[in-house]
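Colleague: I have just opened this one and would like a walk through it. Could we go piece by piece?

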Amino acid sequence: MATVELRFSALPEHVRTARLVAAAVARRAGVDEAVLDEVRLAVGEACTRAVGLHQTGGISAPVKVLLIEEEKQFSIEVGDEAPHAVPGERGPGAGPGDPDGEAEEDEMGLAVISGLVDDVEVSAGEHGGSIKMTWPTTPPPTILV
């Protein structure tokens with residue numbers, strides 16, 4: 001299992017770099033070329049969401065992106081350190097001062113990611129959250145001499 005870890009300051013201008021790195025590592029891992037645009041878009045959405053959560057919460061910690069190459073799959077995990085409720089929860093568990101507009105925007109971002117990626121796991125809690133996205137890979141062709 002090969003893993004690439006990327007950490008970046010929670011600034012919107014770094015999201016593009018995360019997208020480019022994710023696409024390059026996904027290509028090398030064997031993700032189908034036809035799916036690479038979806039990888040870029042999903043990573044961009046997840047990183048933008050994490051950056052927004054950090055900026056809104058005044059969190060100076062970096063956003064963390066793990067790119068994990070396994071035997072038959074490639075996963076990307078985007079982590080934030082923003083305290084928030086589990087997606088879909090409302091009311092007192094939504095966090096102090098969390099306006100409805102921000103919660104709806106967060107859910108919309110998660111819906112976009114779910115539309116782009118078949119295998120998505122979202123975890124969230126008071127110490128941060130993560131979005132793990134997984135794609136199948138194809139092994140490189142065997143060259144016979």
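**A walk through the fold**

Modeller: Let us start with Thr 137, which is found in the segment after β5; please keep in mind throughout that this is a predicted model.

Colleague: Is Thr 137 buried or exposed?

Modeller: Thr 137 has a relative accessible area of 13%, and because the cut-off for buried is under 20%, Thr 137 counts as buried.

Colleague: Which residues is Thr 137 in contact with, leaving aside its neighbours within four places in sequence?

Modeller: Thr 137 is in contact with Ala 29, Gly 30 and Val 31, and also with Glu 70, Glu 71, Lys 72, Gln 73 and Phe 74. As for Gln 73, its backbone nitrogen lies 3.4 Å from a polar atom of the side chain of Thr 137.

Colleague: Changing topic, in what order do the strands of the sheet come?

Modeller: The sheet is open and has 5 strands, in the order β1-β2-β3-β5-β4, with antiparallel pairing. β1 and β4, the latter spanning 119–125, stand at the edges with a single partner strand each, so one side of each has no neighbour in the sheet. On average, and ignoring direction, neighbouring strands of this sheet are turned by 10° against each other.

Colleague: What about β2, how many of its residues are buried?

Modeller: In β2, 6 of the 7 residues are buried, so the strand is mostly covered. β2 pairs in the antiparallel sense with β1 over 7 bridges, and with β3, also in the antiparallel sense, over 6 bridges. Glu 69 in β2 stands opposite Ala 2, and Glu 69 also stands opposite Phe 74 in β3.

Colleague: How many residues does the hairpin from β2 to β3 run through?

Modeller: The hairpin joins β2 to β3 through 3 residues. Going on from there, β3 and β5 run antiparallel and are joined by 8 bridges, with Ser 130 in β5 as the bridge partner of Gly 79.

Colleague: And which strands does α2 lie across?

Modeller: α2 lies across β1, β2, β3 and β5, and runs at about 15° to β3.

Colleague: Which residues have the most contacts inside the largest nonpolar core?

Modeller: That core has 30 residues, and those with the most contacts inside it are Phe 74, Ile 76, Val 78, Met 133 and Trp 135. The elements that give two or more residues to this core include α1 (15–29), α2 (36–57) and α3 (100–116), and the largest share, 8 residues, comes from α2. Leaving aside neighbours within four places in sequence, Val 78 is in contact with residues including Ala 46, Cys 47, Ala 50, Val 65 and Met 133.

How values were computed: Residues are numbered from 1 along each chain as its sequence is written. This is a predicted model: local features need pLDDT of at least 70, side-chain atom pairs count only at pLDDT 80 or more; totals for chains, interfaces and linings use all residues. Side-chain values use heavy atoms; hydrogens and water are left out. A nonpolar core is a set of buried Ala, Val, Leu, Ile, Met, Phe, Trp, Tyr and Cys residues joined through side-chain atoms within 4.5 Å. Buried means under 20% relative accessible area, exposed over 50%, partly exposed in between (1.4 Å probe, protein chains only). Helices (H or I, at least four residues) and strands (E, at least two) are DSSP runs, numbered from the N terminus. Contact means heavy atoms within 4.5 Å. A polar contact is a pair of N or O atoms within 3.5 Å; within protein, one must be able to donate a hydrogen and the other to accept it, and residues adjacent in sequence count only if both atoms are side-chain atoms. Two strands pair if DSSP finds at least two bridges between them. Axes are lines fitted to C-alpha atoms, for helices over the stretch in contact, and angles run from 0 to 180 degrees between N-to-C directions.
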